[in-house]
Amino acid sequence: MAKWDNMLSVLWMLRYGRKLTAAQIADNLEISVRTVYRYIDALCASGVPIVSESGHDGGIHILESFKETPLFFDSVELKALVDASKFAEGAGYPYTEELKIALKKVEVGLHEEQRHNLYRQTSGLDVISPVRASFTIPLLRDLEEAANKGQTVRIAYRKANAEQADEREVNPYGLVYNRNQWYAIAHCQRSKAMRTFRVDRIERLEMTEFHFEKPEFFSASQYFRDESEEGLEADGPLMVIRIEGEPDILNTIGGHWHLRHYVTERNDREVTFLLDVQTMNKYLPKYLITFGTAIHIREPQELRHQLQEMAYRIAKHYEDKPN
């Protein structure tokens, strides 16, 4: 067993509360008593309050104040924990506050030099998180709880551009975080099919008394990935789409999480897609208009006309509105 593994084993043996002699620890780990004392010295240097008492009832033990302190990470592991908490908070992780409390417990067990080094190593990295609605935190917790318990939930869900939410009962199978958004993968009882729901579009959620069984080995992330990468919006005719622009702009469009799977040709000035007509009509105009005059649609003519009409409606909207 490696040195660090042995030291960690000594720590966990002592955390059970009873006193142990060096000989007992040595026998358990199949190492020498001398090595046990070396490990004890190293643990003490790391800030672990180990006490050694001599006499008939003596032995080695840890002070009660340390028993709840999750310590014994090296400097890189501590840095990784703190940095990971920043990314978790930026993603809207629903247990951010609990994570902060856990890290505080870790910091309490550090000695002054360790705390100084941890601050120095982690002060150079920050995560800028998008503004999120606070109501998503309890939603994420409830959805995860329902998925773990196999409990059906009733939600009021508002689709994109819908005027009001509609109610449905779903069986949550898991949560997925992708491109700054949280999604619930669930079986919708109304449509009798798997569906993906954006959590920030759930206006209300309540638990029901009904339960379900999730398919064995189901992976929410794999389902989301398969739906994003392989599924077309609908069966139907395919359309060749050619877009001209600067290389960096084409990189952005060609690297889009969904469009990248339909690239058929690419050079420094042009990218070509083969995409179903329904997806093109539903999503592309709204997406491509954000690039303004930085791109030029070579074909199809239908897509060019859609962008023209959208640009005209926007111009007309501001032309008719008073200041």
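Predicted model: local features only at pLDDT ≥ 70, side-chain atom pairs only at ≥ 80, totals over all residues.
At 17% relative accessibility, Tyr-223 counts as buried, where buried means under 20% relative accessible area, exposed over 50% and partly exposed in between, with a 1.4 Å probe and protein chains only. Residues are numbered from 1 along each chain as its sequence is written, and side-chain values use heavy atoms, with hydrogens and water left out.

Rings of Phe, Tyr and Trp (its six-membered ring) pair if their centres lie within 6.5 Å, and planes under 30 degrees apart count as stacked, over 60 as edge-to-face and the rest as tilted. By this rule the count comes to eight aromatic pairs. One of them joins Tyr-177 to Trp-182 in a tilted arrangement, with 5.1 Å centre to centre and 55° between the planes; Trp-182 is buried at a relative accessible area of 16%, while Tyr-177, at 30%, is partly exposed. Phe-218 and Tyr-223 also form a tilted pair, 6.1 Å centre to centre with 40° between the planes, and here Phe-218 is the partly exposed partner at 23% relative accessibility. Ring pairs extend this into a cluster that links Tyr-173, Phe-212, Phe-218 and Tyr-223.

The protein as a whole has 11 helices and 11 strands, these being DSSP runs numbered from the N terminus (helices H or I, at least four residues; strands E, at least two). Its C-alpha trace spans about 95 × 55 × 45 Å along the principal axes, and its radius of gyration is 29 Å, whereas a compact globule of 323 residues would have one near 20 Å; the radius is taken over C-alpha atoms, and the globule rule is 2.2 Å times the number of residues to the power 0.38. Of the 323 residues, 36% count as buried.

A nonpolar core is a set of buried Ala, Val, Leu, Ile, Met, Phe, Trp, Tyr and Cys residues joined through side-chain atoms within 4.5 Å. In the largest one, of 19 residues, those that touch the most other members are Val-10, Leu-14, Ile-25, Val-36, Ile-40 and Ile-50. At least two residues of this core come from each of helix 1 (3–14), helix 2 (22–29), helix 3 (33–45) and strand 2 (59–62), and helix 1 gives the largest share, five residues. Apart from this core lies another, of 18 residues, which includes Ile-243, Leu-259, Tyr-262 and Leu-284.

Beyond its neighbours within four places in sequence, Leu-63 is in contact with Pro-49 and Val-51.

Helix 9 (residues 247–254) has Ile-249, Leu-250, Ile-253 and Gly-254 buried. Seen down the axis of helix 9, these buried residues fall within an arc of 125°, so they line one face of the helix; the arc is that of the directions from the helix axis to the C-beta atoms. Their cover includes strand 8 (238–245), strand 9 (263–266), strand 10 (270–276), helix 10 (277–288) and strand 11 (295–299).

Note on methods:
Contact = heavy atoms within 4.5 Å.
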